[in-house]
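Subject: Structure handover and findings

Dear colleague,

Please find below the structure that I am handing over to you.

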Amino acid sequence: MALESKNRARMLISCPDQPGIVAAVSQFLFDYGANIVQSDQYTMDPEGGMFFIRIEFDLEDLANRVEQLRADFSVIAGKLSMEWSLSLASQKKRIAIFVSKEDHALLELLWHWRAGDLNADIAMVISNHPDMQSLVEPFGIPYYHIPVTADTKAEAERRQLEVVGDNVDAIVLARYMQIVSPSFIKHYANRIINIHHSFLPAFIGGKPYAQAHNRGVKIIGATAHYVTEELDGGPIIEQDVQRVSHRDNVEDLKRIGRHIERIVLARAVAWHVEDRIIVHNNKTVVFN
């Protein structure tokens, strides 16, 4: 592990905008002997809006000092009405991947993880089908097949909660074709990431690519978002699009759509595990 990673921390802050926020945080870190290596900020409206900032800093002997640092910073945070988090770059986030029968989004995450481009530990893959097991096991990642039917949905979710527990930092729905319950969402609030085609809400229901083809769409894409009780209506993390034409048939659209979904989901997961996202109401501020 590189020295800068071992002693590097990330701080996310949101609070009502007011003079002196950056000065207060910078002075606090300076007094601690920390060196700020990256800082990004955004304000919604200088007059009565919200202020957001992401800071990366290095601090000698960070692991042994982080708890005291958190306690001391909470005093400043209280004075400025901050919502904040502090994480260590050396502590990789643990993620669980949920998947059904489509493999493209899952494979993209596995490839990024194996290449070292996804700074996280994939703790497990959970599926309502056995189809992906032979694909996942060569990566040395535990695979749990938990069937889901209309009659067993509650029991299946209980089993999923039992397997995942509080041992992961995020859940990724990599084309998991089941609706998760409000209680499950609440347990992992702003920690469940979903991916879907971007035709919603124009083409709802079955065969969206056929519907889009029949309408002669010229742009298709994908949306990654945090899951809320509003179906496919949670805070959007990332989107991308690609132009298509009348020459593309339904299968072409599906192929292009799968490619975009892979890219968009991988970006969203990477930004989440690198502490680059702040959720505010039903929107996100993404420092990338």
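A polar contact is a pair of N or O atoms within 3.5 Å; within protein, one atom must be able to donate a hydrogen and the other to accept it, and residues adjacent in sequence count only if both atoms are side-chain atoms. By this rule, the side chains of D275 and K93 make a polar contact of 3.0 Å.

Please note that this is a predicted model, in which local features need pLDDT of at least 70 and side-chain atom pairs count only at pLDDT 80 or more, while totals for chains, interfaces and linings use all residues. Residues are numbered from 1 along each chain as its sequence is written, and side-chain values use heavy atoms, with hydrogens and water left out.

**D275**

Helices (H or I, at least four residues) and strands (E, at least two) are DSSP runs, numbered from the N terminus. D275 lies in the loop that connects α9 (250-273) with β12 (277-280). Is D275 buried or exposed? Buried means under 20% relative accessible area, exposed over 50%, and partly exposed in between (1.4 Å probe, protein chains only). D275 has a relative accessibility of 10% and therefore counts as buried. Its side chain also has a polar contact of 2.7 Å with the side chain of S87. Contact on its own means heavy atoms within 4.5 Å. Leaving aside neighbours within four places in sequence, D275 is in contact with R10, L12, R54, S87 and K93.

Two strands pair if DSSP finds at least two bridges between them. Four strands make an open sheet in the order β2-β3-β1-β4, with antiparallel pairing. The edges are β2 (35-43) and β4 (83-88); each has a single partner strand, so one side of each is left without a neighbour in the sheet. On average, neighbouring strands here are turned by 10° against each other, direction ignored. Within this sheet, β1 (residues 8-16) and β3 (residues 50-58) run antiparallel and are joined by nine bridges. R10, named above as a contact of D275, stands opposite E56 in β3. Helix α2 (residues 21-32) packs on this sheet and touches β1, β2 and β3; its direction makes about 20° with that of β3. For such angles, axes are lines fitted to C-alpha atoms, for helices over the stretch in contact, and angles run from 0 to 180 degrees between N-to-C directions.

**The sheet of seven strands**

Another open sheet has seven strands in the order β7-β6-β5-β8-β9-β10-β11, with mixed pairing. β7 (143-145) and β11 (236-243) are its edge strands; each has a single partner strand, so one side of each lacks a neighbour in the sheet. Its neighbouring strands are turned by 20° against each other on average, direction ignored. β10 (residues 219-226) pairs with β11 in the antiparallel sense over seven bridges, and A222 has D240 in β11 as its bridge partner. Helix α4 (residues 104-115) packs on the sheet, touching β5 (93-99), β6 (120-127) and β8 (170-173), and its direction makes about 155° with that of β6. Helix α6 (residues 153-164) lies across β5, β6, β7 and β8, at about 160° to β6.

**Helix α4 and H104**

The buried residues of α4 are H104, A105, L106, L107, E108, L109 and L110. Their cover includes β5, β6, α5 (133-136), β8 and α9. H104 is buried, with a relative accessible area of 7%. The side chain of H104 makes a polar contact of 2.7 Å with that of E261. Not counting residues up to four places away in sequence, H104 touches R175, R258, E261 and R262. After α4 comes G116, whose phi is positive, near 85°.

**Nonpolar cores**

A nonpolar core is a set of buried Ala, Val, Leu, Ile, Met, Phe, Trp, Tyr and Cys residues joined through side-chain atoms within 4.5 Å. The largest one has 43 residues, and those with the most contacts inside it are I95, I97, I220, L265 and V269. Elements that give two or more residues to this core include β5, α4, β6 and β10. Which element gives the most? The answer is α9, with 10 residues. Apart from this core lies another, of 25 residues, among them Y32, F57, L62 and L86.

**The hairpin of β12 and β13**

β12 pairs with β13 (residues 283-286) in the antiparallel sense over four bridges, and I277 stands opposite V286 in β13. The two strands form a hairpin with two residues between them, and N281 in the turn has a positive phi of about 55°.

Yours sincerely
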